[in-house]
Amino acid sequence: YQKHSNVLIQMAQGAFELREAVKTGQIQGISGLSGGIEFERMDECHSFLDRFYMSRIGIRVLAGQYLALRHQQSPDDNYIGMICLDTSLA
């Protein structure tokens, strides 16, 4: 669980470096288009990052729930694993 805890920091650093490379012109046009590109318009990159982070969040929630269920010391009527049954969704 902790083994991959620094992935978020590495991904954020990579996104920062990509944005800086786009701003400074180190990365030029897409598929022969003239001129530079804007980081905000890199839809495929943003789509990949969205899928990556959503998948990562889901996996960490499942792993956290599993660990909470497995290591739960005493049963608490308000919790099943790390999920509080009294939480209001509204």
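Student: In which helix do Phe 48 and Phe 52 lie, and how many residues apart are they?

Tutor: Start with the term. Helices are DSSP runs of H or I with at least four residues, strands are runs of E with at least two, and numbering starts at the N terminus. Here, Phe 48 and Phe 52 both sit in helix H2. They are 4 residues apart, about one turn of the helix. Keep in mind that this is a predicted model: local features need pLDDT of at least 70, side-chain atom pairs count only at pLDDT 80 or more, and totals for chains, interfaces and linings use all residues. Residues are numbered from 1 along each chain as its sequence is written, and side-chain values use heavy atoms, with hydrogens and water left out.

Student: How many aromatic pairs does the structure hold?

Tutor: First the rule. Rings of Phe, Tyr and Trp (its six-membered ring) pair if their centres lie within 6.5 Å; planes under 30 degrees apart are stacked, over 60 edge-to-face, and the rest tilted. The structure holds 2 such pairs. Take Phe 48 and Phe 52: the ring centres are 6.2 Å apart and the planes stand at 25°, so this pair is stacked.

Student: Why does Phe 48 count as partly exposed?

Tutor: Relative accessible area sets the class: buried is under 20%, exposed is over 50%, and partly exposed is in between (1.4 Å probe, protein chains only). Phe 48 is at 43% relative accessibility, so partly exposed is the label. Phe 52 is also partly exposed, with a relative accessible area of 25%.

Student: What kind of aromatic pair do Phe 52 and Tyr 53 form?

Tutor: An edge-to-face pair. The distance is 5.4 Å centre to centre, with 70° between the planes. Tyr 53 is partly exposed, because its relative accessible area is 25%. Phe 48, Phe 52 and Tyr 53 together form one aromatic cluster.

Student: Which residues does Met 11 touch?

Tutor: A contact means heavy atoms within 4.5 Å. Leaving out residues up to four places away in sequence, Met 11 touches Phe 48, Leu 49, Phe 52 and Tyr 53. Met 11 belongs to helix H1. Its relative accessibility is 23%, so Met 11 counts as partly exposed. Met 11 and Tyr 53 are 42 residues apart along the chain, and their C-alpha atoms are separated by 9.6 Å.

Student: Where is Arg 56 found, and what does it touch?

Tutor: Arg 56 is in helix H2, residues 43-70. Beyond four places in sequence, Arg 56 touches His 4, Ser 5, Val 7 and Leu 8.

Student: How far away is the nearest side chain of opposite charge from Arg 56?

Tutor: Charge first: Lys and Arg count as positive, Asp and Glu as negative, while His and the chain ends are not counted. A salt bridge puts a side-chain nitrogen of Lys or Arg within 4 Å of a carboxyl oxygen of Asp or Glu. Arg 56 is buried yet has no salt bridge. The nearest side chain of opposite charge is Asp 50, 13 Å away.

Student: Where is the place of Ser 5?

Tutor: In the segment before helix H1, which spans 7-23. Ser 5 contacts Arg 56 and Arg 60, neighbours within four places in sequence aside. The C-alpha atoms of Ser 5 and Arg 60 are separated by 9.9 Å, although the two residues are 55 apart along the chain. Ser 5 is partly exposed, with a relative accessible area of 37%.

Student: Which residues make the nonpolar surface patch?

Tutor: Patches use residues with over 30% relative accessible area and no salt bridge; like charges are joined within 9 Å, nonpolar side chains (Val, Leu, Ile, Met, Phe, Trp, Tyr) within 5 Å. Areas come from the Shrake-Rupley method with a 1.4 Å probe; for residues, only the protein chains shown count as cover. The patch here is made by Met 54, Ile 57, Val 61, Leu 69, Ile 80, Met 82, Ile 83 and Leu 85, and covers about 770 Å². H2 gives the most, with 4 residues. Leu 69 lies in H2 and is partly exposed at 43% relative accessibility.

Student: How do the elements of the protein chain run from the N terminus on?

Tutor: The order is α-α-β-β, from 2 helices and 2 strands. Of the 90 residues, 13% count as buried.
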